[in-house]
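Subject: Handing over a structure

Hello,

Here is the structure I promised to pass on to you. Please have a look at it first, and then read my notes below.

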Amino acid sequence: MLNVSVGYKVYLTTYLTLSFSLFSVLGYTSSLSNVDSIPMLSGSNFSEWKEHLLLVLALMDLDLSLMTERPSSPKELKHWDRSNRVSIMIMKIRIPQGFRGVVPDDVTTAKDFLASLENFFAKNEEAERSRVQAESSSMSYIENENVRELIMRMKTLGAKRKRLGINNIFSNDMMLAHCAVKMLPLQYISLKNVYSCLEGKFVNENGRWHTGEIWSTKELISRCDMEEETLRTEIADEARKREQ
């Protein structure tokens, strides 16, 4: 009976040791995965970077030092110090070496570290907003591009506006299609006329004007493909006639 008891204790000790090691490895791997999910900070993604950072720190129970001042109680201080130390390490590892000089050397808390970055990149984002606003105002059809390319440019611009917190006129798919139709050149006049007629019909049937409820971008692309095929056929026919 004694041998069984001793053997069981050895087995249990070994099992618990291996289990603890496994959970430690899994926990470490999970932590690394969480940190890797934070995008590397660049000159134009601070808002996104901060959002991911705060989420990861919260999930890892490391955001205490960002929410509270340094406590005086030794018991609370241990948890706070770990939160502060690891939070700074995580921020540093997701910042390119060239950006680390933004934070003064005398900064010792995660809260001040993040604030220093925020102050610096707030100016950059304001400049970026101005550039995106100007890009929105000047957006137009580029000669020889197809409607897919136009829509992709508009969606890319819409993503920039969303990231910077600017009112995104391209967030609605039908509104995006509406804006794209208005940008199309005269070679698409037949298509533009059809769209205008449908807009008028919508107003008559609904008793109100609501821009952007006619075609989706998918339908617009399909119609433009047919229109472009018709144009190519007409050009080819004209060329054959001239040759005859």
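A word on terms before we start: two residues are in contact when heavy atoms of theirs lie within 4.5 Å. With that in mind, take Ser 136, which, leaving aside neighbours within four places in sequence, is in contact with Leu 157 and Arg 161. Ser 136 lies in helix H5, and the C-alpha atoms of Ser 136 and Arg 161 are separated by 9.0 Å although the two are 25 residues apart along the chain. Ser 136 counts as buried at 18% relative accessibility; buried means under 20% relative accessible area, exposed over 50%, and partly exposed in between, with a 1.4 Å probe and protein chains only.

Please keep in mind that this is a predicted model, in which local features need pLDDT of at least 70 and side-chain atom pairs count only at pLDDT 80 or more, while totals for chains, interfaces and linings use all residues. Residues are numbered from 1 along each chain as its sequence is written, and side-chain values use heavy atoms, with hydrogens and water left out.

The overall picture

The protein has nine helices and zero strands. Helices (H or I, at least four residues) and strands (E, at least two) are DSSP runs, numbered from the N terminus. Of the 244 residues in the protein, 32% are buried. Among contacts between residues at least 6 apart in sequence, 57% join residues at least 24 apart.

The cores

A nonpolar core here is a set of buried Ala, Val, Leu, Ile, Met, Phe, Trp, Tyr and Cys residues joined through side-chain atoms within 4.5 Å. The largest one has 26 residues, and Met 154, Leu 184 and Leu 220 touch the most other members. Two or more residues of this core come from each of H6, helix H7 (173-183), helix H8 (189-206) and H9. A second, separate core has 22 residues, including Leu 41, Val 56, Ile 88 and Val 107.

Not counting residues up to four places away in sequence, Met 154 touches Met 139, Phe 170, Leu 176, Cys 179, Ala 180 and Met 183. Leu 191, in helix H8, is buried at 5% relative accessibility. With the sequence neighbours up to four places away again not counted, the residues that Leu 191 touches include Leu 184, Leu 220 and Arg 223. Leu 191 and Arg 223 are 32 residues apart in sequence and 7.7 Å apart in space, C-alpha to C-alpha.

A pair of helices

How do H6 and H9 cross? The axes of helix H6 (residues 147-163) and helix H9 (residues 217-243) come within 9 Å and cross at roughly 150°. H6 and H9 are therefore roughly antiparallel to each other, a label for angles over 145 degrees. On the H6 side, Val 147, Arg 148, Ile 151 and Lys 155 make the contact, and among their partners in H9 are Leu 220, Cys 224 and Glu 228.

Two loop residues

Most residues other than glycine have a negative phi. Asp 61 has a positive phi of about 55° although it is not a glycine. Asp 61 sits in the loop between helix H2 (46-59) and helix H3 (64-67), and is partly exposed, with a relative accessible area of 47%. Asn 144 also has a positive phi, near 75°. Asn 144 is found in the loop between helix H5 (110-138) and H6, and counts as exposed at 69% relative accessibility.

Best wishes

Key
Axes fitted to C-alpha atoms, helices over the stretch in contact; angles between N-to-C directions. Parallel < 35°, antiparallel > 145°, perpendicular 65-115°, else oblique.
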